[in-house]
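Here is a short briefing to read alongside the structure.

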Amino acid sequence: MSLLRLTDVSRAFGKLLALQHVELEMEEGKLYAVIGPNGAGKTTLFNLISGFFPATSGEIWFDGMRINRIDAARRVALGLVRTFQITEIFPELTVFENVRIGVEAEARCSARPWPSRGLLRQIGDRVDELLDTTGLTAQAGRTVSELAHGDQRVVEVTMALSRRPKLLLLDEPTAGMGQEETAHMVTLIRDLHARQRQSILFIEHDMDLVFGIADRITVLNYGKVLAAGTPQEVAADPLVQAAYLGEAA
Amino acid sequence: MSRRVYVNGAVWLLLLTAAWWLPLIGGYMALASRVLVYALAAMGLNLLLGFTGCMSFGEAAYFGLGGYGTGLFLTHLTHSTVLAVVAGTIVGGIAAFIFGPLVMRRRGIYFAMITVAIGQIFYFIAERWNSFTGGEDGLSGFSRQPLHFGFATVPLNAVAFYYFVLFFFAIGAGVIALLLHSPLGHTFVAIRENRRRAQFLGIHVERYVWASFAIAGLIAGLAGALNALQNNFISPINLYWVESGNLVIMAVLGGMRSFWGPLVGAIIFVGIQDYVSSYFPNNWETFIGGLFIIAVMFFPNGILGIIRQRAKAA
Amino acid sequence: MTDSDGLPAGAAKRPITRRSVLASSLAAGVAATVSPPIISALGEAPVKLGWIDPFTGTYAALGTSQLNGAKMAMAEINKKGGILGRQLQIIAEDSAANVGQATEKLNKLVDQDKVDFTAGGVSSAEAAAMSHAANLKSMLYIAVGGHVDTITGTDCHWNTFKLCSDTWMLSEALCATLLKKFGKRWYFCTPDYAWGHFLYKGASEILAQAKGTNLGNAVLPLGATDFTSALIKVQQAKPDVFVVFQSGDDFVNLMKQATQFGMTKTMAFGSPLLELEPLAALPVEARTGWGVMEWWWDQPNQPHVKEFVASYRKLYKATPSGRSWLGYAAAHSFALGAARAKSIQAAKMAHAMEGMKLPPEVALEPDGPYYRAGDHQCMITEFVGEVNQKGKYPNLFTVSEELGGAKLAKSPAEKGCKLSYPA
Amino acid sequence: MELLLFDGFNGLIQGAFYALMALGLSLIISLNSVINFAHGGFMVVGAYLAFTLAPYIGFWPALFAGPILAGILGILVERTLVRSMYGRSDPIYSLLLTFGFALIIEDVVRTIWGAQGVPFEIPAALGSPVSTTYFFLTGYRLFVIAAIGLATIALFAFLRLSRFGIRIRAGILDLETVSALGVNVYLLRSVNFAIGTLLAGFAGVLAAGVLQLAPTMGDDVIMATFVAVVVGGIGSLFGSVLGGLLIGLAAGITTAYYPAASDVVIYVIMAVVLIVRPRGLLGQEGLFE
């Protein structure tokens, strides 16, 4: 059974057709990528999957459930967690506090006004564990707005992980990063996928990166799926070469 | 950590000993009670304003409703001062709870304006419903009754009433402090910091805004109940949007991001207004207006914000 | 320069420079600060009078006039040796016409400043609230303005005396004259709060007794700015008399609009309480109608009035209004009461003031007003007359009748007042 | 039925006045990003200045001179106080700043001109009804409607036809881009603030012919003006006109049937509008949220 399935999904903004008849299917434990030139509809696709806004038509299935009408916060509870192209974090809080928000939400105690000491300890332990996974332990006490850009993105990924996603959606995880930071992020993504069998769907513009790590790639152009398949299949596709890779090169 | 313990200890010590030191510096107990009443309301508001990031401009409605609840309860139902306070608190809290769903979806200035709208509707109801609320003339004819303990009866004179208010202030402040250190408080702050991130971590932002709004209303109701007892009087002006604005100013003046900020703001605002309006009964508005301008231009993070920055820099 | 004809102090036109703005705000600040008791009888603490009136907000002009009168009285009292040998000091506080603030300030004056008596109030609401608050503190209080009946009626208190008329006295004085001069088809306009309701109740009763026709009553919220809707109804009813119970800004707004609609030419306007301050704020063509003044500065046959007006003008560069006189007489009442009681203790003074008649130099009007024993209402004279459209400030009113308060007022029993002193 | 028409018409007059106030406020909110609570204060200042000048220069010149002086005061305030608010993303600061300034205006006006208010005279030719049946249609009211109509048309023409006006409109939509194109944004915002306060002053002079000109006149109007802007939708000038007319009409009609609710009705409308259309009738998404 597929983890995520989009059938004939379209989205219009007034007269502008941002996505048309998109089909996408993804199995559990895979690392999939979406590529495409600017304005191809990649982020719109993520917004539809994560519930930022509804699809105009078509069906979105996740983990055996039709989620078209489910609101964003509940999709997170179902296991669909995303990051954003422009980092979305809690700027004035520390790294620890940022991640704690997610851990508390995952522990379903966000609304608890008087938590027990045991619960607080559990939460703290889980935050430490996550920070350890993503290598942020040393930064735990720092305010995130003071961190380097790359670290901020890692914080965002850590927060997403705190919700134990069945599917992690990463919107250009290396956007705006230097080489070293990019390498760190790539290692992180690989490790998550390899060691924890984390299912990941990500948008990326860095071709080397995409072709290096993705199991399958979907290419979007002008709101339509241009091609889909393994990196080799996609690289060989003449349409892709004409429309996208040619330009990029 | 230890710094916070010292600060809290100092604040409570000063509040507890006010009856001794306040007269020495020219203050009086009724003023201290009033400061606490407004500080409590502003702290409740600040839960919404400073910690959840929602600009409420209609908090006076729940403050006033708490007052009317208490006044009407004392007039018609009971002579128990404590029960009347509880009744007023519940009235404020329930009203905020009921209207929460209307405001929780709005943000920024739209949040401010819909809270104004609801507040003004309550204001005009209080002002026009002569037979029930006393209308423009206000509701009088009730007075705080002595407290009956098993062993003694305590009349609520100025000093006793101060400690009566301080008792409820401590409850209110304690509740807010506990909240802020709980997951619920963390969630409020997360919403202030980044609504979108919170939502995409699976937090139903609107429900939490509702909760924050209701709790703020409950605390405003408590403060309003105490305010009615302080004056033995309540009038529609307590629900007017200007009163809401005053509460916002207290929070900003002291520091929206600090727990004690609204208390500091209330001390400054209520204190200066009382002092200046006695010395310049005709022109005190210029002083208050000037105070706002100076505060906003030079102390945008409030008095405590500055102190905290200094402490950080040092 | 057609109209620099001596408007009230602040209204005089002069070039506005930064300096004069500064100077005038400074002057106001200084005038507002009550001068501390300079040197009283050695070592003797002054007697303190707490004065609460609106100095900001809608009723600021009226409150200021009351305080000005009181300060003048204070100077006179202190010149003659003060109260029981001690100097009198007035401590003024702003109520901002906010009832809650009025109560707070009264409590502050009593608890913090330890005043010996209290006075003030312009609106009925604040006077009623202060009367109640003063009662809780067993504090003598004179309601200077604030006319509502209940203060010396169903809600009367042993500690409260009321100098200004009650609403019934005003209605009675107005209606008597209007019935004599004009027809009996009347229309009313009432502001929706206690003051308006009591006036309407009184006036409509009197009209019914006179077998007149009550064509209708437009009830409008306090602070209404647009009266067109009500005025349209009034115009269609074609009354002989249109009785307007609005006061303050509401009155000015209503008169401005009615005048522009041409209504002042087709019907008589009656107002139960005319005052010099709002009349001065009306454009000339809207200065019209009949009404009641509680005191009038131009009483050629009355002794002492001329001196009073002259020294007031000298002090404040404005002509004393009814409010000025009320403030003046109220402050004097405390001195007179203390002299009679030989004490400033509240209960003793209250007893002594019952039935106390104001001497001519304080009364400044015929018939010697006195505080009635049964309800502590002062029996002042009502000056009924017509607004003088052609006159220039301060000649804005022509008295046609002076009606003694004692003949107008209902008895304390009728008003429902039962005074009870604490044991 | 006739009465309803009368009251409706009367409400529109009231609404036109709110619309003029709302237009000025809307300009300031949209381009200066300032929640201007002193707007009522500028209205009062404009009216008082016109009152002071009228005996010397006559009613008609004063009708323009008063508002222009209010506009100049606007520039001064913008340069000294408001400007420091531009960097602050939270609108609460500008709100408190202008709230404080409104208090000072009221106090200064009272100190200079007195607490009671002043007799503002209108030309005799306008001070009487034009028809005996429709007696409430005074010359002055017709004049007010015409003046507000002309002012609105002039403003919209300025915004559409003049270079400066076009820049203001562009700035409302996207200030950053306008700035990047080399337009002096500081000057743009100064002038815009002045236009806003000038309109407020103009509304003040017009109102003084019907209402008591007193220091507190602005208090009653400011909230209604905000309601008009929010009902119409923040960022939409046309919306502000619509909002003003709508709440005026509603208040007028309510006065006829249930006077006690005449001032609460505008808040009920605002609450309903915000519930049904979160950004007002014609509002833009994302402003001040």
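Two residues are taken to be in contact if their C-beta atoms, placed from the backbone, lie within 7 Å. With that in hand, note that this is a predicted model.

**A helix pair in chain A**

- Helix α4 (residues 117–134) of chain A packs against helix α5 (residues 149–162) of chain A at an angle of about 130°, and their axes are 10 Å apart.
- That angle is why α4(A) and α5(A) are described as oblique to each other.
- The crossing in which α4(A) passes α5(A) is right-handed.
- On the α4(A) side, the residues that meet α5(A) are A:Leu130, A:Leu131 and A:Thr134.
- Their counterparts in α5(A) are A:Val154, A:Val157, A:Thr158, A:Leu161 and A:Ser162.
- Sorted by class, the contact of α4(A) with α5(A) holds five nonpolar and three polar residues, with no charged ones.

**The sheet in chain A**

- An open sheet of six strands runs in the order β6-β7-β8-β3-β9-β10 (chain A), with mixed pairing.
- Which strands stand at the edges? They are β6 (80–82) and β10 (224–229) of chain A, and each has a single partner strand, so one side of each is left without a neighbour in the sheet.
- From one strand to the next, the twist averages 20°.
- Strands of a sheet pair through backbone hydrogen bonds, in either a parallel or an antiparallel way.
- Strand β3 (residues 31–35) of chain A and strand β8 (residues 199–203) of chain A run parallel and are joined by four bridges.

**Two domains in chain A**

- Chain A is divided into domain 1 (1–79 + 166–249) and domain 2 (89–164).
- The centres of these two domains of chain A, taken over C-alpha atoms, are separated by 26 Å.
- Eleven residues from domain 1 of chain A and eight residues from domain 2 of chain A take part in the contact.
- On the side of domain 1 of chain A that touches domain 2 of chain A, β7 (167–171) and α6 (179–196) of chain A each supply at least two residues.
- Of the elements on that side, α6(A) gives the most, with four residues.
- By class, that side of domain 1 of chain A has seven nonpolar, three polar and one charged.

**Two domains in chain C**

- Chain C is divided into domain 1 (39–165 + 301–380) and domain 2 (168–293 + 383–408).
- Taken over C-alpha atoms, the centres of the two domains of chain C are separated by 28 Å.
- The contact draws 20 residues from domain 1 of chain C and 18 residues from domain 2 of chain C.
- On the side of domain 1 of chain C that touches domain 2 of chain C, the elements giving two or more residues are α2 (60–79), α4 (124–136) and α11 (322–341) of chain C.
- The largest share of that side, three residues, comes from α2(C).
- That side of domain 1 of chain C has nine nonpolar, eight polar and three charged residues.

**Between the chains**

- Which of the four pairs of chains in contact share the most contacts? Chains C and D do.
- Chain A and chain C have no contact, and their closest C-alpha atoms lie 36 Å apart.
- Chain A and chain D do not touch either, with their nearest C-alpha atoms 15 Å apart.

Notes: Residues numbered from 1 in each chain as written. Chains lettered and ligands numbered in written order. Predicted model: local features only at pLDDT ≥ 70, side-chain atom pairs only at ≥ 80, totals over all residues. Axes fitted to C-alpha atoms, helices over the stretch in contact; angles between N-to-C directions. Parallel < 35°, antiparallel > 145°, perpendicular 65-115°, else oblique. Left-handed = near helix turned anticlockwise from the far one by under 90°. Nonpolar A, V, L, I, M, F, W, Y, C, P; charged D, E, K, R; others polar. Pairing = 2+ DSSP bridges. Domains from an automatic or database assignment.
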